[in-house]
Amino acid sequence: MTLRAAQLLFAAIALTIAGTAPTLAQGFEEQFDTYFGHATGWFVNIIFYSFDIGGISIPWIVGWLVIGATIFTIYFGFIQFRMVSHAIALVKGDYSDPNDAGEVSHFQALATALSGTVGLGNIAGVAVAVGIGGPGATFWMIVAGLLGMASKFTECTLGVKYRNEYEDGTVSGGPMYYMTKGFAERGLPGGKFLGIMFAIFCILGSWGGGNMFQSNQAHAQIANVMGSFGIESFPGWITGLIFAVIVFLVIIGGLKSIAQVTEKVVPFMGILYVGTAVVIILMNYDMIGTAFSQIFAGAFTETGIVGGAIGALIQGFRRAAFSNEAGVGSAAIAHSAVRTKEPVTEGFVSLLEPFIDTVVICTMTALVIIITGQLVSDPETGLFVLNEAGDAIKTVDGSSGVELTSAAFSSNFSWFRYLLVIAVVLFAFSTMISWSYYGLKAWTYLFGEGQTKEIIYKLLFCFFAFLGATIQLGSVLDFSDAAIFAMAIPNIIALYCLLPIVRKDMNSYISRLRSGEIKKFV
Amino acid sequence: MSRKIIVGFDGSPASQRALDFAITRAKAQGDGIVIAHILEWSPYSFLTPEELAERHKRRKNELERAEKAILAPMVARVEEQGVPVTTALKYGHIAETLVQIAKTEDAAMIMIGRMGHSGLSSRIFGSVAGTLAQVAPVPVTIVP
């Protein structure tokens with residue numbers, strides 16, 4: 001089976017290489033881009049449709065996610081603040097039965113879900129937010145992160161509660177299962193329809209934002225570093241081929257060791273990243289006060305950025321939503337494998353995820369950019385100066401996105417730009433591995449379990465990993481981003497419909513915890 | 001008073017010798033034996049999403065395999081000698097779990113085979129024997 005799969009993959013790759021041969025490539029790529037843009041543009045336009053309020057465009061999907069998160073926060077009585085210490089106790093294993101040792105622990109489910117979300121959003125996305133929205137965007141990013149904790153709580157509780165457990169002991173869970181089973185339980189119509197809609201978006205998102213976008217951005221970073229060593233225009237198909245082969249070995253070849261190494265290195269990189277940020281912040285300790293006053297001032301007052309305080313709010317909300325995926329439904333798939341008799345405990349654990357991802361890691365990136373003085377302001381008026389295009393704040397060396405983060409970190413440690421490349425590549429890879437699993441679960445939900453069916457999905461996944469680094473198609477990348485956010489439409493509708501179930505479980509658990517019926521094992 | 005000897009057993013020649021030693025002691029003193037097999041496991045390790053989904057299945061397989069291939073033949077061997085025997089099969093940190101078993105079984109002593117790790121590796125990773133010597137609630141015998 002594996003051998004045949006390998007032959008198929010290499011045939012596919014060979015075809016693509018032939019198809020993208022330099023002479024033909026240009027024309028083909030452009031044609032394809034136009035065609036693909038025509039075919040999918042309407043979809044991208046719907047998902048990212050923006051309202052224009054006072055010259056600032058607000059994508060409705062960002063509002064959809066933030067309003068959902070706010071409603072969940074109020075409905076569950078600020079659960080994300082009430083249960084944080086209990087969530088930490090759960091992760092530490094205080095409430096785990098020692099006889100269940102060897103099963104998936106709360107810590108493992110959280111760590112795996114985190115390695116799927118921590119990535120480019122935390123490094124590049126934040127730089128975009130701060131670059132356009134100014135320091136004030138940081139404030140709104142934190143607010144959105146805190147609200148998003150309630151969305152994660154809701155979706156992950158449901159993910160565990162309605163997962164499928166098969167006879168052989170494996171589990172499948174996620175929004176498509178709580179849509180089907182949860183709706184049936186409440187006697188609501190349309191669960192199957194939402195489930196199918198979610199699964200389709202999830203598959204497209206797994207090939208796009210969770211795959212092509214990752215290998216594309218990782219290649220951009222690699223090419224950039226190669227450029228600084230004098231290798232101009234490092235070809236994308238090399239990066240793409242390496243990514244495709246490694247992903248192939250892991251998800252089809254069953255070579256667990258690569259994935260295991262990544263899973264071990266990624267948390268380490270995350271800690272190193274935050275650690276370096278803390279050191280840089282401490283080295284510039286005299287600027288900490290100024291940075292925070294800039295963050296608060298920018299959140300509520302005019303600081304010269306595009307759109308003023310509202311512009312900061314939009315940028316902050318947008319990047320937080322893009323980074324922690326709260327409300328998208330992907331985390332519900334990752335968290336559903338945990339071994340617990342109380343689904344709501346996994347909900348509590350999962351609410352730590354947006355906190356670590358957005359409130360801690362994203363804020364660190366923002367603070368380093370602000371504290372190292374990357375943003376240029378007018379010394380007389382104190383307002384930020386816009387760049388020539390007038391769409392973002394002028395930066396010291398004119399960089400934006402991941403380059404801005406790199407410049408900020410390198411201002412104190414010049415070696416950091418190389419470390420950042422390794423981090424970006426590893427984060428991209430671990431995100432791809434996670435999304436290959438999310439997409440597969442959606443695929444088997446639609447087409448049923450079975451080795452051949454799974455191999456087809458996985459081969460296509462490898463192919464898109466290759467394609468993502470090879471082509472620079474705006475329309476494809478737009479579409480892949482849109483597909484991930486499209487998942488939030490059926491998911492949040494389902495969450496609204498199933499809220500009473502979560503509240504019943506939550507209240508029952510909390511009262512048993514208070515009465516001492518649920519005890520620590522240690 | 002019940003007197004039980006916990007034998008930390010991993011199937012290695014050293015642990016076989018520890019078990020043989022325990023059998024002679026048990027016969028002489030009328031003790032019982034608990035054969036303990038620990039599967040090394042940390043709840044803080046990192047797994048891929050696929051491993052998470054398969055964990056429960058794998059755990060079941062691992063336990064079955066350990067029961068059949070490692071513990072069952074040893075139980076037969078001890079019973080042949082007319083010594084009362086039970087087993088303990090657990091996941092966890094090896095030394096800590098042995099201590100836990102010794103406590104719950106109210107054991108008289110723990111016996112393990114010498115692993116023969118020398119110098120550097122045991123300095124970095126610590127050794128089961130070294131940890132047991134420091135934390136065990138009952139006497140520990142290390143059989144070379």
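**Note on the predicted two-chain model**

1. Asp31(B) is buried, with a relative accessibility of 2%; buried means under 20% relative accessible area, exposed over 50% and partly exposed in between, with a 1.4 Å probe and protein chains only. Its side chain meets that of Arg3(B) in a salt bridge, 3.3 Å from N to O, where a salt bridge is a side-chain nitrogen of Lys or Arg within 4 Å of a carboxyl oxygen of Asp or Glu. Arg3(B) sits in the segment before strand E1 (4-8) of chain B and Asp31(B) in the loop between helix H1 (13-29) and strand E2 (32-40), so the pair ties together parts 28 residues apart in sequence. Helices (H or I, at least four residues) and strands (E, at least two) are DSSP runs numbered from the N terminus. Arg3(B) is partly exposed at 33%.

2. On conventions: this is a predicted model, in which local features need pLDDT of at least 70 and side-chain atom pairs count only at pLDDT 80 or more, while totals for chains, interfaces and linings use all residues. Residues are numbered from 1 along each chain as its sequence is written, chains are lettered from A and ligands numbered from 1 in the order in which they are written, and side-chain values use heavy atoms, with hydrogens and water left out.

3. The whole structure has 16 salt bridges over all chains. One of them joins Asp94(A) to Lys520(A), with the closest N and O atoms 3.6 Å apart. Asp94(A) counts as buried at 11% relative accessibility, whereas Lys520(A) is partly exposed at 47%.

4. Glu54(B) and Arg58(B) also form a salt bridge, their closest N and O atoms being 3.0 Å apart. Both lie in helix H2 (residues 49-80) of chain B, four residues apart, which means a separation of about one helical turn. Glu54(B) is buried at 17% and Arg58(B) partly exposed at 36%. A network of salt bridges links Glu103(A), Arg163(A), Glu165(A), Arg339(A) and Arg59(B).

5. Gln315(A), in helix H14 (residues 308-324) of chain A, is buried with a relative accessible area of 13%. Setting aside neighbours within four places in sequence, Gln315(A) is in contact (heavy atoms within 4.5 Å) with Val128(A), Ala129(A), Ile132(A), Gly133(A) and Ala137(A).

6. The largest pocket is lined by 39 residues, and Gly93(A), Ser96(A), Asp97(A), Pro98(A) and Asn99(A) lie nearest its centre. A pocket here is an open set of points on a 1 Å grid over the protein atoms alone, where a 1.4 Å probe fits, with protein on both sides within 12 Å along at least five of seven lines; lining residues have an atom within 4 Å of a point. H3(B) gives the largest share of the lining, five residues.
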